[in-house]
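Below is a briefing on one protein chain. The sequence and coordinates come first, and notes grouped by topic follow.

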Amino acid sequence: MLHVLRLDQKSEDGNFGERLTQVLKKALAGREFIRIKSTGEFLLKAMAGEIEEVLFAIAIPFNGFAPEWNDLIASLMDRPNLLNGVKAAVIVDGEGHLFTKDIARKLIFAGNYAGCSFPGRPLVEATGDLYNFNTIASIKGVDNREAYEDCVAELLDKLEGFTGSLPGSKEKKRILAIHASNKETSNTLMLLEMVKSYLDKDAVDYKEISIRNGDIVDCRGCGFDTCKHFGEMGECFYGGLMVEQVYPAIMDCDSLILVCPNYNDAVGANMMAMFNRLTALFYNNSFAAKKIYALIVSGYSGGDLLAQQIIGAMNCNKGFILPPHFSMIETANDPGSIADLDGIHERAEAFAKALINK
């Protein structure tokens, strides 16, 4: 049964959030669902195991501040296993053109931290003037409001059909790890080695690619037709390591692990270039049956920022499944110091088991 959590914002004129109300009313017509009206009610139902799938529907004001949703996010971060077995999707409707993605990524991160899984592209966002629906509206031959309504209906259909697991059965799960780090000094690669040591070799076909020394030129921003043309051939304008190794390996894998040290509160340049260069492949291939994972190590703090960046790029944009607890986030500064963290091997082992079993 679908649960819909809508925490209404308050406004002086009473009109704020009315557009989202009408869009939801149309999309939910003919569907069975249970409306949840408060964080407290949601927590009680979740703790009782009554929620299997949930739609988070958010209306945010022009200033981007949504206290009711901040309370929910805080509650999820306090309960790391609350939503185990739950699948979810998100709608964010904003009065302005800012903050819609920001609050969506924070909510997805918090939900995932609490054990929730999300299908690929689990977000529909609507900016104040609906300008972000221009392209979709043009393709569909409808106006922007109709495009918004269609996307919400399609999101609900996707959530309903999402199982959170990979289709079919294979003798071994195919896992690909991509990194751009120096093996002699990288705490993040040391963490990957820990995780690898706990993988059951009989259950996993493991492959690893380094893009550190490869010629990973960033996306040049080709027009849609050009990018799609190269993508149809499994290629990209720049070719190189991305086309020769990364594209085929991603298409072949079931689960992708991104190994991401924190550089100035963002993933490294090579990893970001890879995100951008995946667009050509994405235009002609679906990643909806592939899972994304991340190993993130910060020298001081900020690992959550990288996790949200990966959620935005690989789950919300490129369409990879976000499995429960998709990221392992650690803090270690001096080379090799990650090995001294309390409980690190137990956490690495749990992450390795999740790669195989979830």
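**Pockets, sheet and selected residues**

Helix 12 provides 5 residues to the lining of the second largest pocket, the largest share of that lining. The model is a predicted one. The protein chain contains 12 helices and 10 strands. Of its 358 residues, 51% are buried. Among contacts between residues at least 6 apart in sequence, 83% join residues at least 24 apart.

**Second largest pocket**

- The volume of the second largest pocket is about 440 Å³.
- Its lining consists of 17 residues, and those nearest the centre are His325, Ser327, Met328, Ile329 and Phe351.
- At least two lining residues come from each of helix 4, strand 10 and helix 12 (344-357).
- By class, the lining of the second largest pocket divides into 10 nonpolar, 3 polar and 4 charged residues.

**Largest pocket**

- The largest pocket has a volume of about 1,300 Å³.
- It is lined by 32 residues, and the closest to its centre are Arg121, Ile136, Phe282, Cys316 and Asn317.
- Several elements each give at least two residues to this lining: helix 4 (100-113), strand 5, helix 5, helix 6 (144-161), helix 10 and helix 11 (303-317).
- The lining of the largest pocket comprises 15 nonpolar, 9 polar and 8 charged residues.
- Helix 4 supplies at least two residues to the lining of the largest pocket, and helix 4 also supplies at least two to that of the second largest pocket.

- An open sheet is formed by 5 strands in the order 7-6-8-9-10, with parallel pairing.
- Its edge strands, each pairing on one side only, are strand 7 (204-210) and strand 10 (327-331).
- On average, neighbouring strands of the sheet are turned by 15° against each other, direction ignored.
- Strand 6 (residues 173-179) pairs with strand 7 in the parallel sense over 7 bridges.
- Within this pairing, Lys173 stands opposite Val204 in strand 7.
- Helix 10 (residues 269-284) packs on the sheet and touches strand 6 and strand 8 (255-261). The direction of helix 10 makes about 145° with that of strand 8.
- Strand 10 is an edge strand of the sheet and supplies at least two residues to the lining of the second largest pocket.

**Thr127**

- Thr127 is located in the loop between strand 5 (123-126) and helix 5 (134-140).
- The relative accessible area of Thr127 is 8%, which is under 20%, so this residue counts as buried.
- Not counting residues up to four places away in sequence, Thr127 touches Arg19, Gly94, Gly96, His97, Thr100 and Asn132.
- His97 and Thr127 are 30 residues apart in sequence, with a C-alpha to C-alpha distance of 4.8 Å.
- Strand 5 and helix 5, the elements on either side of the loop that holds Thr127, each supply at least two residues to the lining of the largest pocket.

**Ala350**

- Ala350 is placed in helix 12.
- With a relative accessible area of 47%, Ala350 falls between the 20% and 50% limits and is therefore partly exposed.
- Ala350 and Tyr198 are separated by 152 residues in sequence, yet their C-alpha atoms are 8.6 Å apart in space.

Terms used:
Residues are numbered from 1 along each chain as its sequence is written. This is a predicted model: local features need pLDDT of at least 70, side-chain atom pairs count only at pLDDT 80 or more; totals for chains, interfaces and linings use all residues. Side-chain values use heavy atoms; hydrogens and water are left out. Two strands pair if DSSP finds at least two bridges between them. Helices (H or I, at least four residues) and strands (E, at least two) are DSSP runs, numbered from the N terminus. Axes are lines fitted to C-alpha atoms, for helices over the stretch in contact, and angles run from 0 to 180 degrees between N-to-C directions. Contact means heavy atoms within 4.5 Å. Buried means under 20% relative accessible area, exposed over 50%, partly exposed in between (1.4 Å probe, protein chains only). On a 1 Å grid over the protein atoms alone, a cavity is a set of points where a 1.4 Å probe fits but cannot get out, and a pocket is an open set with protein on both sides within 12 Å along at least five of seven lines; lining residues have an atom within 4 Å of a point. Grid points are joined across faces, edges and corners, and a volume is the space filled by probe spheres set on the points. Ala, Val, Leu, Ile, Met, Phe, Trp, Tyr, Cys and Pro count as nonpolar, Asp, Glu, Lys and Arg as charged, and the others, Gly among them, as polar.
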